[in-house]
Amino acid sequence: MAHSAHAQPKENGLYLGGFLQSALGTHIQDSDEQKMLESLKQAEIAAYWRFMDKGLLGFELEYDPAKFSNHQVSDLSTAQMANKILEVAYLEWKESFIGLRLGKVVSDVGVEGLDIIERLAWEKSPVPNPNTYSGAFVSAYLPWNLELYGGATLGWDTLWNKNDAISPIVGLKHKSPQERAGLAYHSNLSFMIGPEQRDNKEDHRWLVDYSVGINMGETSEVLFELLYGQEAGLGYDGQSGAPDPNKAAAFWAGLTSFEYAFSQSQSSIVQPLAIGQRLEYIRDKDMLWGWFPEDISGLTTQIASTTTIRYRLHDWIDLMLDYRADFGRGDVQNVSILRNIDAFPEVWNMGQWYQSHQFVFGVVGLFSTRIN
Ligand SMILES: [Ca+2]
Ligand SMILES: [Ca+2]
Ligand SMILES: [Ca+2]
């Protein structure tokens, strides 16, 4: 699909690229307060060197203001700055039966593209999985289009190890042998385990994630993802409602999305148009993630819908409209925050849903050039 192209080049050479994701947008919060969105969502510069048909050196530097929203830049150490700015930096080597990767890479977990040039929607869904990790990885390309992969990482979304412990990942990918009547699919089952809390080697987090993507006739794409995970030591006691260090926090989440590109349309005006709809569900019964897009804590269920219309004005510029609606509530008795409880709690004890609506008019500019 036009909007899920991978940035990495396929042919030998040295390349430079980048993109700018900017917006005019508003966010209507649960309090009915309206906030203008930051006009710059993300900017990236990338360099790739593909060599000897098998090797790839990749660097992607990003500026994402959201990563700096809670910090004064002057308070950050060089290591923290590097972690926020260096999105990926890796060396890859691919033989026909085996592949190796070393460095900070885009995580194998999940199905959605990390950046706006690799997915349709304005924002990646906040379902809890790692976006990137650093480490060493091996893939074995097996018969029947299977790929078995595994590696040792320093942890979720980090360039530096915050607890001197390794978080291994293993997974199995499968894709359809060839397009059958324009139908293609790929799936990915992954498992990751290791301590993720700062200076704590004892309490492990584990995550199992299953993802599927189905493409039909190069115009439609359906994505599907389901995940379940636990984080030791951060659970709650269901009776007292107090944190219980002997209990694991548990979370599960899923998303489904549908995209349609009008690239095969008769009309050249309609061809650059693509539309998409994504739904996601997150159950976070021990309030581990705090993913609601405002500063509201104590929520345990979130449902969100994202509707996207995107238009490729040129090879290097996309216009888009994106509407995201979030609904959250606290619905774990004695633990989460419940509000506006109905008079008949045994029938309807959910409290009212918190709501949040975000409207974006976005512009994405991209460039990519071969230097050598
Ligand atoms: Ca990137
Ligand atoms: Ca990025
Ligand atoms: Ca670690």
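User: Why is N131 called partly exposed, rather than buried or exposed?

Analyst: This is a predicted model, and the label comes from a count. N131 has 16 C-beta neighbours inside 10 Å. Buried needs 20 or more, and exposed needs 12 or fewer. A count of 16 lies in between, so N131 is partly exposed.

User: Where does N131 lie, and which residues does N131 touch?

Analyst: N131 lies in the loop between strand 6 (98-106) and strand 7 (132-142). Leaving out residues up to four places away in sequence, N131 touches S107, L114 and D157. Contact here means C-beta atoms within 7 Å.

User: How do you know that strand 7 and strand 8 pair?

Analyst: Count the bridges. Pairing takes at least two. Strand 7 and strand 8 (residues 146-153) have eight, in the antiparallel sense.

User: What makes strand 8 and strand 9 a pair?

Analyst: The test is again at least two bridges. Eight bridges join strand 8 to strand 9 (residues 167-175), and the two run antiparallel. A152 has P168 in strand 9 as its bridge partner.

User: How do you know that strand 11 pairs with strand 10 and with strand 12?

Analyst: Apply the cut-off of at least two bridges to each pair. Strand 10 (residues 183-195) and strand 11 (residues 204-216) share 13 bridges. Strand 11 and strand 12 (residues 220-231) share 12. Both pairs pass, and both are antiparallel. For S190, the partner in strand 11 is D209. For M216, the partner in strand 12 is S220.

Key
Residues are numbered from 1 along each chain as its sequence is written. Chains are lettered from A and ligands numbered from 1 in the order in which they are written. This is a predicted model: local features need pLDDT of at least 70, side-chain atom pairs count only at pLDDT 80 or more; totals for chains, interfaces and linings use all residues. Helices (H or I, at least four residues) and strands (E, at least two) are DSSP runs, numbered from the N terminus. Two residues are in contact if their C-beta atoms, placed from the backbone, lie within 7 Å.
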